[in-house]
Amino acid sequence: VSTASGSTTCTNCTAGTYADEQDSIACKDCEVGKYTPHVGQASCAACAAGTYQPNAKQASCIVCPAGRSQSSTGQASCTVCATGKYQPNTNQQSCLSCPLGKHAESSESSQCTNCTAGRYAG
């Protein structure tokens, strides 16, 4: 509520925004790679490893899908698993090497496949 002489109440910052100083006149947006799920926050948190947030002003982070990973906190994207590596699970911090006798022909693989007869992977 505002009056000609000033405000009569303080308003909580919404989720995805924060006010880090006393006497703030506006809320700031959480940056890319950060979030705040609650109203009335004084800071934003970095997205955990295995998650990311590509947009500002968000209330949560996004889990990295299978075939991707993120080892660092506060990131805007996940890393695609390279050819020869895979990640079958979501929310992971690294990609895995295919076991002997199996391969991942393309990047962003969520599984390894068996080598066919007459071929090997060592």
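A disulfide is counted here when a pair of cysteine sulfur atoms lies within 2.5 Å. Keep that cut-off in mind as you move through this predicted model.

Stop 1: Select Cys-10. Its sulfur is 10 Å from the closest cysteine sulfur, in Cys-13, which is too far for a bond. Cys-10 is also exposed, with 82% relative accessibility. Now jump to Cys-115, which is in no disulfide either; the nearest cysteine sulfur there belongs to Cys-98, 9.0 Å away.

**Stop 2: the bonded cysteines.** Show the cysteine side chains next. How many disulfides does the rule give? The count comes to six. If you number the bonded cysteines in sequence order, they pair 1-2, 3-4, 5-6, 7-8, 9-10, 11-12.

**Stop 3: Cys-30 and Cys-44.** Select both residues, and you will find a disulfide with an S to S distance of 1.9 Å. The link is left-handed, with -85° about the S-S bond. Its ends come from distant parts of the chain, 14 residues apart: Cys-30 sits in the loop between strand E4 (28-29) and strand E5 (34-35), and Cys-44 in the loop between E5 and strand E6 (45-46).

**Stop 4: Cys-47 and Cys-61.** Move along to this pair, whose sulfur atoms are 2.0 Å apart in a disulfide. The torsion about the S-S bond is about -85°, so this disulfide is left-handed. Cys-47 lies in the loop between E6 and strand E7 (51-52), while Cys-61 lies in the loop between E7 and strand E8 (62-63). Is each end buried or partly exposed? Cys-47 is buried, with a relative accessible area of 0%, whereas Cys-61 is partly exposed at 21%.

**Stop 5: Cys-64 and Cys-78.** Here the sulfur atoms of the disulfide are 2.0 Å apart, and the link is left-handed with -90° about the S-S bond. Look for Cys-64 in the loop between E8 and strand E9 (68-69), and for Cys-78 in the loop between E9 and strand E10 (79-80). Both cysteines are buried.

**Stop 6: Ser-109.** Finish by selecting Ser-109, in the loop between strand E13 (102-103) and strand E14 (113-114). Ser-109 is buried, because its relative accessible area of 9% falls under the 20% cut-off. Which residues is Ser-109 in contact with, leaving aside its neighbours within four places in sequence? Display Gly-67, Cys-81, Lys-85, Tyr-86, Gln-87 and Ala-104 to see them.

Note on methods. Residues numbered from 1 in each chain as written. Predicted model: local features only at pLDDT ≥ 70, side-chain atom pairs only at ≥ 80, totals over all residues. Heavy atoms only, no water. Helix = DSSP H or I, 4+ residues; strand = E, 2+ residues; numbered from the N terminus. Buried < 20%, exposed > 50% of the residue type's maximum accessible area, 1.4 Å probe, protein only. Contact = heavy atoms within 4.5 Å.
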